[in-house]
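Me: I have a structure open and would like to go through a few parts of it. Could we begin with a loop and then turn to the helices?

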Amino acid sequence: MLRTRPLPAAPFARALPENRVMRGDCLASMRALPDACADLVFADPPYNLQLDGDLLRPNNSVVDGVHQAWDKFDSFEIYDRFSRAWLAECRRVLKPDGAIWVIGSYHNIFRLGVALQDLGFWLLNDVVWLKTNPMPNFRGRRFTNAHETLIWAARGPDTRYTFNYESLKAFNDDLQMRSDWLIPICSGPERLKDDEGRKAHPTQKPEALITRVLLGTTKPGDLVIDPFFGTGTTGAVAKKLGRRFIGMERDEDYARAAEERIAAVEPLAPHEVRALRGKRSEPRVPFGALLDLGILKPGMWLTDAKATLRASIVADGTLSCGGAQGSIHKMGAHVQGRPVCNGWTFWHFEASGARQPIDNLRDEARRQLGIAAS
C-alpha cells in the first residue's frame, strides 16, 4: 500500500488564536499575528494619568482610582514611543478595509490622535462618551471630568470601512446617531469584583459602550482585536453579538477574570445580531434592467405619488414629458423645477389599484438577476 506524507501547512494557514486571551505584552502578542487578519481593533490603552499621591474625598477617605504600574510612564516621550509601537502593530494586523477605535481622556487622547494620523490612519469621527454618573471633582479646583473621547479611524483614506448606518439610526429612534453618547459608567452587577469585594479592574468599560461600537462598525463573524483586554468587556460583547475576538492581557488576574466572564456569556441567535441593511448596501440595479426583465415596458406611464405629474417610459430607459427627455432622476427634477431628485422614490407605478414607488420593483429585479441581497 502506497503511503504518502501530508503536505506541510502553508505559513499563512496557521490558525489564529480566536476567541481566547493571549497572555503577555500586547506588542509581543500582536507580532505573533499575521498581517491583515483583523476587521476591527478596539483599544483602551493606559491613559498615563500622571497621578501624584492618593486622591481624598472630603471625609478623607481614599478614592479607588488608577494607581497600577501599567498606567505609569516616566515621560511623554516614553509614552509616545510606546503608543506608536502598538498603533503600528494594529495597522499591520488590520485588513485593508479595517478600522480602529481608541479611547482615552484629556491626559492622552490628543497624543494618540497625532500618532494615528502620523501612522497613516484616516480619522472618521471623535465620539464623546458622556457619563451619566461621573466621579465628582473632590478638590473643587477643576470642572468635573464627565466624559471620555473615542477616536474612530479607518486604516487609510481609501478604506471601505463598515458602518451600519441604518442599524444605528433605528437604535436611535430613527434619528441619525450623533457623536455624543450618553451612557452610564460601569457599575452594579456588571462591575467585576475580586475575592475581597474590590474592583477587579479600575477602568472597566460598560458593555453598552462596546456594544454600540461593535453593532455600528462590525458585521457578524468579524474578528475584533483588543490589545489591552483587561477583564474582557470586548470579548464578552463580541461573543454575545456573534463576532470573533482576540484579547491580549499581561496581568494574570485580569486574564483569568476575563476568561471566566466570557465563558458565562450566552451568544445571541444569528437573526438577533443581523444588521439592518440600508439601500446603499444593496446591489445596484439600473432602471433599464426593469425594462430588460419586462417588469416595466416602454410606453407605460409613471406618475408622482399624487398622480398630478406624469411621464412615459422610452425604450432606451429614459422618461419623456412635455417635450423633455432624460433619466428618471433628471426628469423627476425637471417636472418639479428642482435641481436634483431621487427618481426611484419620486416616480410611481400602479398595481392592484394602488400607486407604489418604482423603488419597490428593484427587489424583484435583483431576484430575477440572481443578485438578491443576503
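Me: Where does Thr159 lie?
Reply: Thr159 lies in the loop between β5 (147-154) and α4 (165-171); helices (H or I, at least four residues) and strands (E, at least two) are DSSP runs, numbered from the N terminus. This is a predicted model, in which local features need pLDDT of at least 70, side-chain atom pairs count only at pLDDT 80 or more, and totals for chains, interfaces and linings use all residues. Residues are numbered from 1 along each chain as its sequence is written, and side-chain values use heavy atoms, leaving out hydrogens and water.

Me: Which backbone atoms lie by its side chain, and how far away?
Reply: A polar atom of the Thr159 side chain lies 3.1 Å from the backbone oxygen of Pro96. The backbone nitrogen of Gly156 is 2.9 Å from a polar atom of that side chain.

Me: Now the helices: at what angle do α2 and α3 cross?
Reply: The axes of α2 (residues 76-93) and α3 (residues 109-118) cross at roughly 45° and come within 10 Å; axes are lines fitted to C-alpha atoms, for helices over the stretch in contact, and angles run from 0 to 180 degrees between N-to-C directions.

Me: Which residues meet there?
Reply: Among them, Phe76, Tyr79 and Trp86 in α2 meet residues of α3 including Arg111 and Leu112.

Terms used
Contact means heavy atoms within 4.5 Å. A polar contact is a pair of N or O atoms within 3.5 Å; within protein, one must be able to donate a hydrogen and the other to accept it, and residues adjacent in sequence count only if both atoms are side-chain atoms.
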